[in-house]
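Please look over the chain below.

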Amino acid sequence: MGIREFPGGAPRGKSIAVGMRRSPDVSPRRLSDISPQLRQLKYLVVDEAIKEDLKWSRSVEDLTSGPVGLTSIEERILRITGYYGYQPWAASYKREERPRDSPGPAEAQAPAGAEAGGRTSPHCWRCSGAQLRKIFWGVAVVLCVCSSWAGATQLAKLTFRKFDAPFTLTWFATNWNFLFFPLYYVGHVCKSEEKQSVRQRYRECCRFFGDNGLTLKVFFTKAAPFGVLWTLTNYLYLHAIKKVNTTDVSVLFCCNKAFVFLLSWIVLRDRFMGVRIVAAILAIAGIVMMTYADGFHSHSVIGIALVVGSASMSALYKVLFKLLLGGAKFGEAALFLSILGVFNILFITCIPVILYFTKVEYWSSFDDIPWGNLCGFSVLLLTFNIVLNFGIAVTYPTLMSVGIVLSVPVNAVVDHYTSKIVFNGVRVIAIIIIGLGFLLLLLPEEWDVWLIKLLTRLKVRKKEETAEGGADLGSGPQSKNRRARPSFAR
């Protein structure tokens, strides 16, 4: 940055000495009097790429490194130009007395600390309180997701002992999706300050489908395909529970995260990430090992194929939703899921009827149907989908995904006491590999940048501590000599 000496500057020497003898209370002439915009330079943020290109420039390093007490841009300019009346201690004194502006995003995300003078910052405490509250809700959501998903899986296994009709159970549970929008509207009335009627809220949410709202064409082109995918996902999952134990079913269904990444990379052209490719490879390896754990019997192979098909349908559902409809707000998502329930009632009802009369899924009397198990499974599945779709309002999305993984050990414990499952070495390794791949897929896209920044901060902090320790050792003998020196003052 080229800077010329301003006209009217006094010759250096006597004037500087006079200026330096001024008290900090006397404000000298500053560059900010000539250019008010110069004050904004001290809040300048240097881009990482620019820092790499200009690493040789010492002024760029001073902008972002070091403690707060380092010189600002304005002080550096004053020192370089020798502008008369400059007092480094006075500038620092004025800067410390100046009231702080409202903290920016970087300060809001910082951990709770103390302000100057040892007083605790109330803003920092508010931020930490909000984060703790979000983590608390996250733990509650994780427990709810884990318990509802594991409970629905175990209850479905128990239901098939008396009622061997997986498609009918799928149809019955999907009909409960109709309750999504009414439940959302009840929450809207209780929480929102601006009350809207059901028709107004419905019309506003229908804008999600386009300017014309929910038309017959939109219903068959944008809702019906997802209704089919929803039914196939649940039916294949429930049918697999009949073939293999619930532990294998729940852990294999976690592979849908890897399938979502592969489809998003191919269809949506998402960013390529090596760690997610590794996670996908781990998921595929876990599937092969899980098949090998039972000795490649036809019964277990069919069950594993059904679970993998269910995970694939779930991944296709998510990718197509993002491709065709994009993102959805809470009301729009609730309306969409209710529409899937309506589609199931209108167009899928004929299939259980056909399966009943063809005796593929047959029961002798309606009194023999375990209605308690059917309703319990439907309530648990509805709870799982509600928390999974709306839990993001109170916590982090990653925590909700962790709840699905935690359902695997819960199912393993239940299977250990209720079935004849054998946890051999191959099965345990397969479970660990698939779980590890699932957790790797939860890493954010910028995880490597965050890791580098964390390591850099730790390295800088270690250097600062080493420098402070050396300074303390160096100042020790001097302070002792200073205390031992006799004073001749009278």
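The model is predicted: local features need pLDDT of at least 70, side-chain atom pairs count only at pLDDT 80 or more, and totals for chains, interfaces and linings use all residues. Residues are numbered from 1 along each chain as its sequence is written, and side-chain values use heavy atoms, with hydrogens and water left out.

**The patch.** Phe178, Leu179, Leu183, Leu216, Phe220, Ile345, Leu346 and Phe347 make a nonpolar surface patch of about 770 Å². Helices H12 (216-243) and H17 (330-348) each give two or more residues to the patch. H17 gives the most, with three residues. Helices here are DSSP runs (H or I, at least four residues), numbered from the N terminus.

Phenylalanine 178 lies in the loop between helix H9 (166-174) and helix H10 (180-191). Valine 414 sits in helix H20 (residues 397-418). Partly exposed means between buried (under 20% relative accessible area) and exposed (over 50%), with a 1.4 Å probe and protein chains only.

| Residue | Relative accessibility | Class |
|---|---|---|
| Phenylalanine 178 | 43% | partly exposed |
| Valine 414 | 28% | partly exposed |

The C-alpha atoms of valine 414 and threonine 247 are separated by 8.8 Å, yet these residues are 167 residues apart along the chain.

**Helix H14.** Helix H14 (residues 256-267) has 12 residues. From first C-alpha to last, H14 reaches 16 Å, close to the expected 16 Å at 1.5 Å a residue. That expected span is 1.5 Å times one less than the number of residues. Among the buried residues of H14 are Phe259, Val260 and Phe261. Just after H14, arginine 269 takes a positive phi of about 60°.

Terms used
Patch = residues over 30% accessible without salt bridge, like charges linked within 9 Å, V, L, I, M, F, W, Y side chains within 5 Å. Areas by Shrake-Rupley, 256 points an atom, 1.4 Å probe, with all protein chains shown as cover. Salt bridge = Lys/Arg side-chain N within 4 Å of Asp/Glu carboxyl O.
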